[in-house]
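Thanks for asking me to look this one over. My notes are below as numbered points, to be read with the model open beside you.

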Amino acid sequence: MPPKKRTRSSAKSNKHTDADAQHGEESDDVAQLKTGKRKRSAGVKSDVEKNKNDDTCKTSYSHWLMKSEPESRIENGVDVKFGIEDLKALPNQTGCWDGVRNYQARNFMRDMKVGQQAFFYHSNCKEPGIAGLMKIVKEAYVDHTQFDKKDAHYDPSSKADNPKWSMVDVQFERMTKRFIPLTELKKYHLQHKAKGGPLKDMTLFTRARLSVQPLTAEEFDFVLSSENEDPI
């Protein structure tokens, strides 16, 4: 997605670390990049094996949650920082959401349609949570960063005639009326899991490491409505 900052020049890049500080986790995307050897983890293998099933029994989603890092972190000489303010600062407040290196997250992006809304979620930071809303303005196309040897998300196993990775373009819509922290969302999740409610199966907690996640309409509406409520 967003732009990356190199000491030499700026290029567009995505941060997508889902290492929510309070959970001490990294996203599947980033964990794979840090191995250096790019071995497939059991989780990634599982995602690959599930691809066929995903195609045949896929749930249709129209809302999303997309994670990016708002604080500086250097990876391969590149600052992968990209918060919602960085998106707002781009021309037309629009950028590409690149750098996703997890098969399921990629497949979710391939399902996205122009006009659909997504929460911009700040991850791998002091206080993770939802900072604002954006919309999909260009559907999935080839992620150029997979071929750039100087990019933090370079993938030597991906070939130009058969690229592995995709990205979408997103445009800033607005900040949420208040920042909705992960701690608050988790409280709702636990309440709903115990007594029933729209967040009981929220992917943010059932597949926390994914940097691109689907939301049901009920989940999206509930989270959005919470911006008008006092924090719990």
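1. A definition to begin with: helices (H or I, at least four residues) and strands (E, at least two) are DSSP runs, numbered from the N terminus, and the expected span of a helix is 1.5 Å times one less than its number of residues. This is a predicted model, in which local features need pLDDT of at least 70, side-chain atom pairs count only at pLDDT 80 or more, and totals for chains, interfaces and linings use all residues. Residues are numbered from 1 along each chain as its sequence is written, and side-chain values use heavy atoms, with hydrogens and water left out.

2. On confidence, pLDDT is the predictor's confidence in each residue, from 0 to 100. Its mean over the protein is 83, and 75% of the residues reach 70 or more.

3. For the overall picture, the protein has seven helices and 10 strands. Of its 232 residues, 50% are buried (buried means under 20% relative accessible area, exposed over 50%, partly exposed in between, with a 1.4 Å probe and protein chains only). Among contacts between residues at least 6 apart in sequence, 73% join residues at least 24 apart.

4. Helix α5 deserves a look. Its 14 residues, 182-195, reach 20 Å from first C-alpha to last, close to the 20 Å expected at 1.5 Å a residue. Leu-182, Glu-184, Leu-185, Tyr-188, His-189 and His-192 are buried in α5. Seen down the axis, these buried residues fall within an arc of 160°, so they line one face of the helix (the arc is that of the directions from the helix axis to the C-beta atoms).

5. What covers that face? The cover over the buried residues of α5 includes β7 (117-122), β8 (129-142), β9 (166-181), α6 (203-206) and α7 (217-225). On the other side of α5, Ala-194 and Lys-195 are exposed. Gly-196 follows the helix, with a positive phi near 95°.

6. Finally, do check the loop between α3 (84-89) and β6 (94-97), where Asn-92 sits. Asn-92 has a positive phi near 60° although it is not glycine, and at 66% relative accessibility it counts as exposed. Gln-93 lies in the loop between α3 and β6 too; its phi is also positive, near 50°, and Gln-93 is partly exposed at 29% relative accessible area.

Key:
Contact means heavy atoms within 4.5 Å.
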